[in-house]
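Below is a short briefing on charged side chains and how they pair. Look at the sequence and the model, then read on.

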Amino acid sequence: MAATPLRILVPIKRVIDYAVKPRVNSARTAVELSGVKMSMNPFDELSVEASLRLRETLPPSSVPDILLVSLGPAKSAETLRTALAMGADRALLIEEDAELEPLTVAKALKEVVSRESCNLVILGKQSIDDDAGQTGQMLAGLLGWGQATQACKISVQGEEVTVEKEVDGGTETVKAKLPVVVTTDLRLNEPRYASLPNIMKAKKKPFEKMKLSDFGLSAIKRLQTLSVSEPPPRQGGSKVEDVDGLVKRLRELGAI
């Protein structure tokens with residue numbers, strides 16, 4: 001069965017680097033972002049790599065376009081450039097300094113999908129800053145498309161997209177017909193590094209900038225964060241001499 005040409009949209013987000021320990025700001029209303037190293041959301045790196053591997057494994061011309069999109073401040077352009085250097089074709093930055101909730105992001109992505117005639121969206125199952133895990137499902141609902149979440153393997157044959165995902169005790173395989181939204185999980189692949197020549201080439205790739213208002217949307221807040229606090233310090237452990245001592249200690253703690 002001949003592969004249907006895929007016009008892939010890959011949303012990515014600029015977040016605090018996964019190796020950085022987040023700190024609560026002085027107002028205790030959010031995580032401190034000033035002076036903190038930022039990078040691409042790890043789940044979104046998997047999505048970029050997945051789209052590139054589909055291009056490499058499917059017949060020639062099966063993936064004519066891989067479009068990146070990011071919603072966020074101007075500095076998100078750096079994250080998009082990194083993904084372009086990995087091998088994506090072009091990028092769209094929707095500039096918005098305000099914090100965006102998943103529903104607003106999903107509505108903006110819906111407009112991009114319609115504008116660009118995309119038939120496959122591959123995005124991370126969640127971002128590591130808020131861990132909401134909602135955008136992919138909301139987007140599929142708004143578009144009226146099928147969805148396959150938490151993918152650990154993606155394959156396309158003709159009009160069908162097959163996705164494997166890990167579940168307790170094994171894997172689950174689902175199939176959906178294009179167009180479809182797929183969200184990615186950590187074991188999907190190992191993202192490639194951008195080579196220096198590709199980093200240079202990325203500077204010349206098409207890069208478009210728009211505003212959230214261009215899509216008739218605003219950064220409306222439906223939820224209010226009352227306070228943010230760090231978890232309490234972890235208590236040190238204690239040693240016991242034997243099983244009787246362990247049982248006694250557990251009883252003292254109310255564990256048994």
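A salt bridge is a side-chain nitrogen of Lys or Arg within 4 Å of a carboxyl oxygen of Asp or Glu. By this rule the count comes to 19 salt bridges. This is a predicted model, in which local features need pLDDT of at least 70, side-chain atom pairs count only at pLDDT 80 or more, and totals for chains, interfaces and linings use all residues. Residues are numbered from 1 along each chain as its sequence is written, and side-chain values use heavy atoms, with hydrogens and water left out.

**A network**
- Salt bridges link R7, D65, R90, R115, E116 and E208 in a network.
- Side chains of opposite charge can pair when their charged atoms come close.

**Pairs between parts of the chain**

Helices (H or I, at least four residues) and strands (E, at least two) are DSSP runs, numbered from the N terminus.
- E230 and K21 form a salt bridge at 4.0 Å, N to O. E230 is in the loop between β12 (207-211) and α6 (243-252) and K21 in the loop between β2 (14-16) and β3 (38-40), so the pair ties together parts 209 residues apart in sequence.
- E95 and K211 form a salt bridge, with the closest N and O atoms 3.8 Å apart. E95 belongs to strand β5 (residues 90-95) and K211 to strand β12, 116 residues apart.
- K175 pairs with E160 in a salt bridge, the closest N and O atoms being 3.8 Å apart. K175 is in strand β10 (residues 170-177) and E160 in strand β9 (residues 160-167).

**Accessibility**

Buried means under 20% relative accessible area, exposed over 50%, and partly exposed in between (1.4 Å probe, protein chains only).
- K21 is exposed at 64%, while E230 is partly exposed at 43%.
- K175 is exposed at 59%, while E160 is partly exposed at 32%.
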